[in-house]
Each structure stands twice: as C-alpha cells, then as structure tokens.
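Thanks for coming, everyone. Please look at the model on the screen. I'll start with one detail and then step back.

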Amino acid sequence: MKVSTIGSHSSLQILHGAKMEGFQTSVITDTKREKFYQQFNFIDKVLAFKDIDEAVDLINSEEDSVLIPHGSLVEYLGQERVNKIKTKIYGNRNIFGWEGNQHKKMYLLKTSNIKIPQTFEKPEDVDRVVIVKLPGAKGGRGYFLAKNKQEVRQGIDDLIKKKEINSEEDVIIQEYIVGVPMYFQFFYSTLLQRTEIFGIDIRYETNIDGLRRLPQGYTDVEPTFIVVGNIPAVARESLLPKAQEFAESFVNNVKEKVPPGMIGPFCLESIVTDKGEIVVFEFSGRIVAGTNLYINGSPYSWLYWNEPMSMGRRISRELKNAIINNKIDLVTT
C-alpha cells in the first residue's frame with residue numbers, strides 16, 4: 001500500500017514518516033512546486049497538475065493508496081472536489097464539514113464540556129473586545145479584532161464587499177480571551193483506544209506578532225492574524241491533566257455526533273489565562289502544521305514511544321498496524 005498527500009501544509013512530514021514506516025509515497029502538487037518536491041528521496045513519485053480540477057483525478061489514479069488529509073486539502077480543493085475522492089482517506093472524512101463551519105465547530109466543543117469563549121450571534125450583541133473569524137482553514141486570513149459593535153459591523157461589511165464572505169452568517173464573533181496561546185496536539189488511536197498528547201505549539205502570526213515590537217503609538221497599522229510559522233512550547237505539567245480531559249471528552253463526543261468518530265491527529269487550539277484556565281477557541285480535526293516542529297519527535301511523543309516519532313510517522317505507524325491486523329477500515333473512511 002502507498003501513502004499519498006497534497007503537496008502543502010505538512011506533506012513533507014507526512015511522507016517522511018510514511019517512508020520511515022516502509023511505505024511507498026507520492027505527492028500531488030501543482031507544477032509550480034513540482035521541482036521542490038522532486039529533491040526529497042523519501043518521495044517516490046511526484047504527480048503534478050496544471051489545473052486544480054486535475055488534482056482529484058491524480059489522487060484517484062493512485063491505486064492501492066491511502067490519502068493523508070491536512071489543512072490544505074479542503075481549503076485548496078474545495079469540499080465539492082474532495083467529495084469526488086474515491087481513494088481511501090486516513091481519518092474521518094465526515095469531520096471536514098464540521099471543521100469548515102465555525103458555528104458547528106464551536107457547538108462540537110461546547111457539547112464536549114470544554115471551556116470555550118463566549119460567542120455573539122450578531123454584531124449588535126457585542127459588549128466587549130472580540131475577534132471575528134472566517135470559516136475554513138485559512139490560517140488566520142481575514143480575521144480581525146473589534147472593540148465594539150460598530151467596528152464589528154464595519155469589518156463584516158468590508159469582508160462582504162471584498163467577497164471574502166457572502167453574509168455575516170459566514171463568520172463567528174468570539175470573545176477575545178487574553179492569555180498565552182497554546183495549541184495542544186493529540187493523536188487518538190482507534191487500535192489502542194488511547195488519546196495521546198503529542199505536542200504543543202504557538203502560531204507565529206503576521207502582522208500581530210510584528211506589531212508587538214513597536215512602542216505604542218508608532219504605527220496605526222491594523223493587526224492581522226495570518227499564520228506564517230510555528231514556535232515549540234512545553235506546558236506546565238499541572239496543565240496537562242485538564243488538556244487531556246478535554247481531549248478525551250472531545251473524542252467521546254465526536255464518536256457520538258460525527259461517526260465513526262475521531263481517528264488519528266487533532267488539535268485543541270487554546271488560550272491559557274493567568275488563572276491557569278485552558279479556554280479552547282477552535283479545533284482542527286486532522287494533522288496541524290505546528291507538528292512540523294517535531295520531525296524528530298516532541299517532548300511528549302518520546303514519553304509514549306521512546307524513539308523519534310513525528311505526527312506524520314505516528315499516522316503511518318497506526319496505518320501499518322491496521323493493515324497487519326486486517327483493521328484498515330478502523331482508520332480510513
């Protein structure tokens with residue numbers, strides 16, 4: 001069996017890990033990136049497309065292959081094209097629709113008994129500083145801060161004019177929580193029935209992180225939240241039990257509401273307050289780019305495996321064990 005993925009996001013980590021577990025590998029990418037991926041000897045085949053509509057045909061042409069999804073899959077191909085993928089997908093493809101809808105996403109967190117920020121249904125309800133977010137895996141593009149209802153309304157109207165959204169129903173208006181961002185990475189093993197904490201990262205965002213270096217009053221540039229990189233983090237150990245509790249509750253809830261449930265990697269994107277509370281403002285239902293920090297394993301993955309174990313390799317380790325035990329249907333949809 002072969003492991004394939006779209007050339008973007010965390011594809012290098014995914015394919016490197018797959019090769020370490022003995023799989024043949026292939027990447028599907030546009031012709032502009034073809035040469036870049038050809039330089040890596042752990043990628044056996046580079047399939048390049050000129051037009052995005054060709055991508056699904058290339059994915060489906062890979063016989064006896066499993067496609068590993070990441071944040072660029074739905075964002076670049078679109079849900080309609082993804083629905084045409086006949087190749088087995090590692091994980092639960094049914095989670096894509098939940099992940100791409102901010103309101104459904106927060107509902108899933110709330111019903112998992114996870115502490116989340118307050119959400120405002122419409123701009124007129126806003127009574128504090130908020131962050132307004134667009135749907136999908138856009139890496140923070142289009143997000144904006146607002147101090148009051150007037151700024152929220154103006155910002156949403158601007159997004160509509162730019163055709164970033166169709167209406168205010170497309171965004172979510174969320175209380176802005178002050179604290180330290182921590183993105184808790186997990187892996188749920190359907191074979192072991194175990195939720196593993198796999199790493200923590202902090203997103204590096206432009207231009208909000210660049211503005212912090214300027215003294216107050218030196219610029220009137222509005223902050224943006226486009227993710228351009230990731231920074232490793234290790235949490236106080238006393239925070240880990242609560243993060244684990246949230247993760248296990250999330251796994252149980254997804255099993256009930258989005259069958260067949262959580263399979264493999266996911267992330268609870270959180271703020272840790274000065275009171276030590278973990279407030280989860282979003283989730284990712286697949287591998288996140290922050291795991292790229294840990295190609296040789298994170299401080300947490302070593303505790304489970306005592307060997308170099310990236311999230312990409314962990315996916316392929318689970319896939320390999322599923323094949324050996326004739327349980328491939330437990331890890332693919």
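Which side chain does the side chain of serine 11 join in a polar contact? The partner is tyrosine 37, and the polar contact spans 3.4 Å. By polar contact I mean a pair of N or O atoms within 3.5 Å; within protein, one must be able to donate a hydrogen and the other to accept it, and residues adjacent in sequence count only if both atoms are side-chain atoms.

A word on the source. This is a predicted model: local features need pLDDT of at least 70, side-chain atom pairs count only at pLDDT 80 or more, and totals for chains, interfaces and linings use all residues. Residues are numbered from 1 along each chain as its sequence is written, and side-chain values use heavy atoms, with hydrogens and water left out.

Back to serine 11. Serine 11 sits in helix α1, residues 11-20. Helices here are DSSP runs of H or I, at least four residues; strands are runs of E, at least two; both are numbered from the N terminus. Why does serine 11 count as buried? Because its relative accessibility is 3%, and buried means under 20% relative accessible area, with a 1.4 Å probe and protein chains only. Setting aside residues up to four places away in sequence, serine 11 touches Thr5, Ile6, Tyr37 and His70. Contact means heavy atoms within 4.5 Å.

Now the rest of α1. Gln13, Ile14, Leu15, Gly17 and Ala18 are buried along with Ser11. Their cover includes β1 (2-6), β2 (24-30), α2 (34-38) and α12 (311-324). After α1 comes glycine 22, with a positive phi near 95°.

Next stop, glutamine 174. Glutamine 174 belongs to strand β9, residues 172-175. With 1% relative accessibility, glutamine 174 counts as buried. A polar atom of its side chain lies 3.4 Å from the backbone oxygen of phenylalanine 281. Beyond four places in sequence, the contacts of glutamine 174 include Met106, Pro117, Val130 and Phe281.

Finally, the whole chain. The chain has 12 helices and 14 strands. Its radius of gyration is 20 Å, close to the 20 Å that the globule rule gives for 333 residues, so the chain is as compact as a globular protein of that length. That radius is taken over C-alpha atoms, and the rule is 2.2 Å times the number of residues to the power 0.38. Buried residues make up 50% of the 333. Among contacts between residues at least 6 apart in sequence, 61% join residues at least 24 apart.
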